[in-house]
Every structure is written in structure tokens, then in C-alpha cells.
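Please look over the sequence and the model below, and then follow the text from one part to the next.

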Amino acid sequence: MARRNLICGMDIGTSHVRAIVGEILNDGSVNIIGVGTSPSEGLKKGVIVDLDKTVEAIVRAVEEAERMVGSSIPSAYIGIVGSHVGLVNNRGVVAVSGEDKEITEEDVERVLQAARVIALPPDREIIDVLPREFIVDGYDGIRDPVGMVGVRLEVDAMIITGMVTSIRNLVRCVNRAGLEIDGLVLNSLANAEVCLSRDEKELGVVLLDMGGGTTDVAVFQHGHLKSVAVIPVGGDHITNDIAVGLRTPLQVAEKFKLEHGVALPSLVPDGSYVELQHIAGREARRVQPRELAMIIEPRVVEILQMAAGELRRAGCGEPLPAGVVLTGGVAVMRGVAELAEQVFNAPARVSQPGYIGVRSPVYSTGVGIVHYVQRTGGFQGRGRKGGRSALPDLLQRVKNWFTGMFE
Ligand SMILES: Nc1ncnc2c1ncn2[C@@H]1O[C@H](COP(=O)(O)OP(=O)(O)OP(=O)(O)O)[C@@H](O)[C@H]1O
Ligand SMILES: [Mg+2]
């Protein structure tokens, strides 16, 4: 997709597969020009359990995006769920190569390669390497050393690893859907591109992606990702509670939730009624939205409390200064931010992409992948620094897998 400077970000979620196509303009800004959404039935708790259904959903989402863009999409960057992801800190050291001792992008690439050298169990692969800071001749805290003069270049990096089998299944699905893989992006990093300001990441913030089958909890502090965790509970569980509570099929419960769901009973006026669609052999029923909210509230509180538990486990017991930012489909519901404020005892807000056509928290991951790739230079477009991201290496690695498969 090099000619028009297009990037396709693919969010393969538990409830939907979303393909987002962004056009990178000459000044480096991003325009979202294609969106494809398809219900996904091949995943459970963020993990692929049915390859064929996942492939079908990818194909449908991509076809829809292709129709909007008016050209074919040969490849995409894929979002990776955090459940099988591990974070490891490592250092890399190299001698600056040039005679004039000016640090080049090549040196940075080499030092990042050096940081990748860690002992990994055989079931783990490196997904990405994030430089936290560079150190030139002992001076630390450097964000971008290119152009500086020095002899010894070090990097303090965070290495993101994932389970080989999960990644391979994902690669296989995307490949069978007729797409090449340009790279993999951790969902939480993608969400952060869209949902968090630089100040929030610097001060310390919790980012919750409340999806259908999973809730991703990510902590950012001092400008970097600090921890990720995934709770295997999401909006589908709320639907399930409604189906049980109102004795109605799941599809009816889901539709009812989307239309009338509120997470905080006090936000619903007392005494109002809405109609619950009739099902085979039964009359339509009148239900109080407050009754619905009373079913939804405990599950949302449970998800938030589990997220708070994950934070304590990650060593973030105190409320973080920039509070909580919520995204993902469940965050669309009124009252979720209020509940988050109560549970975390910190300010909470809902965040979503600002582009027309994708202005909903459900698009944060897909749009975020496009932004992440644009910013880190995994995409070789104009006006961008190449080589800072681990994505080009990843491309090579994905190619190696494919070659490996045929050996
Ligand atoms: N307006 C709404 N009100 C209530 N719930 C909603 C609304 N819109 C979406 N949801 C819920 O959000 C969930 C889907 O969110 P999202 O699209 O972010 O999930 P996903 O990315 O497919 O899943 P996951 O991230 O868990 O793999 C579903 O449970 C859906 O019912
Ligand atoms: Mg999601």
C-alpha cells in the first residue's frame, strides 16, 4: 500500500473485526479514509478459537474497507491482545560507528537490535521493542540520540513478548484472508495513541479498554507503558446477565443493552418504561430502564474492581495523578465513567478517535494502530524517521515464519 501512503490497522476483537485504513499526508497527519466492520465469532476472551470464522470476519471487514477506499488492501498491521503478552526490560550497548562519532539512525537500529538479545523460553517471541531512554557516554534521559556526538550508545528498552502459538494463529488467519502482515502492534499501545495525551502518559494514567470479551488494563507513567494485564470479562458478560435477568435470548438482550443500557441506575428517571421485543410465543414486555441499569451496574463494578486489583498487583495501589481513561464498546454506556471514578477514587473520562465516521470508543484500537505505525516510523512514508520501530524487523521475522512453514 505504498503508492498512496496508506496504512491498514486491523483490530481482531471478540465481538467485531475492524479494518481501518488511514492515509498519511505529506505533513505526516493522518486521514481515516476507510472503515470495515464485521461481527466476529471466532474468538473467545480475545483468543482465536475458530480459524475459519475469524478468516471470514477478516475478509468481510477488509472488503467493506476496500469498497470505501476504492482500491485493494494487500496488507495490514494487526493488533495483539495483551493476555499472552509479557514485558521485559533490557539494555543494549554499542560503539558509535561513524568516524566523526555522530550517532546515526543506523546506530540506533543496532543498539535496539542489541537490546533484543534476551533469553526467551521457546514458546515466546518478541513482538516489539520500545526504547525508554537512550544513554550517550553515560548521559541518560535522551529521547532521540540521532545527530548527537558520542562513543558509547546505550538503550534502556522494554521488550514486548507474546506466545508463539497465539501469534501464529493470528498470522495464519490474516494470511488465509489474503493479506500480508506488515507488523504487529500491542492493542494497549494503539489505544494510547488515540486516547491519551502526552501529559497523561507523563503524570501516570490507567487506560482501560472495555471490550466484548476482555478488558485490557494498561498503566502509563513517565511517558512509557508500565504494565499491561487483561481481564477475561467484558460487555458480553453484561449481555449474559441481562439475558438471565430478563429471561430473554442473548440477541434480544444485546440489542436491548445497546438501545437502553445505562450503567448507573440513578441516571435513569424513575417510572419510565421501554418495550422489550417479544420472542417466539411471548408478548412484548414493558421493562423499566432502571431495572435494566440495576442488572448492568454490578457487572461493570466487578470489571472495574478486577481492573483495580490488577493495578495493585502491578504495584500501582495509589490513584495515578491523571486518573482513568476508558475506551472500548462498554465505555459507550452512560454511567461507566461515574462508576470508574467511584471504584478508582480518581477522575475518569471516556475517550474515542476524533475523526468523522469512527467517532466511537469501539474504533480506538483500529485507528490507534494506524497512528502508532505512523508515529514510530514502521511505515516507510515521507517526512518520517525510519528505523525507530521494531516493526520492520518484525516483517522480516514474519517472512521467516512463512519460509519456516514450508521447510
Ligand atoms: N452503546 C453501547 N452500549 C452498551 N454496550 C455497548 C455499546 N456499544 C458497544 N457495546 C458493547 O461493547 C462490546 C464490544 O466492544 P468492542 O467492540 O470494543 O469489543 P471487541 O474489541 O470486539 O472485543 P475485545 O476487545 O474484548 O476483544 C460488546 O459487548 C457490546 O455489546
Ligand atoms: Mg477490543
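**From the ligand to the sheet**

Among the 23 residues around ligand 1, those that come nearest are Gly13, Thr14, Gly211, Gly235 and Gly329, where a residue counts as near if its C-beta atom, placed from the backbone, lies within 6 Å of the molecule. This is a predicted model, in which local features need pLDDT of at least 70 and side-chain atom pairs count only at pLDDT 80 or more, while totals for chains, interfaces and linings use all residues. Residues are numbered from 1 along each chain as its sequence is written, and chains are lettered from A and ligands numbered from 1 in the order in which they are written.

Consider next an open sheet of 5 strands, which has the order β14-β13-β12-β17-β18 and mixed pairing; strands are DSSP runs of E with at least two residues, helices are runs of H or I with at least four, and both are numbered from the N terminus, while two strands pair if DSSP finds at least two bridges between them. Because β14 (224–231) and β18 (348–350) stand at the edges with a single partner strand each, one side of each is left without a neighbour in the sheet.

Within this sheet, β12 (residues 205–210) and β17 (residues 324–327) run parallel and are joined by 4 bridges, and Leu207 stands opposite Val325 in β17. Leu207 also touches Ala218 and Phe220, among other residues, contact meaning that the C-beta atoms of two residues, placed from the backbone, lie within 7 Å.

Technical notes. Lists of a residue's contacts leave out its neighbours within four places in sequence.
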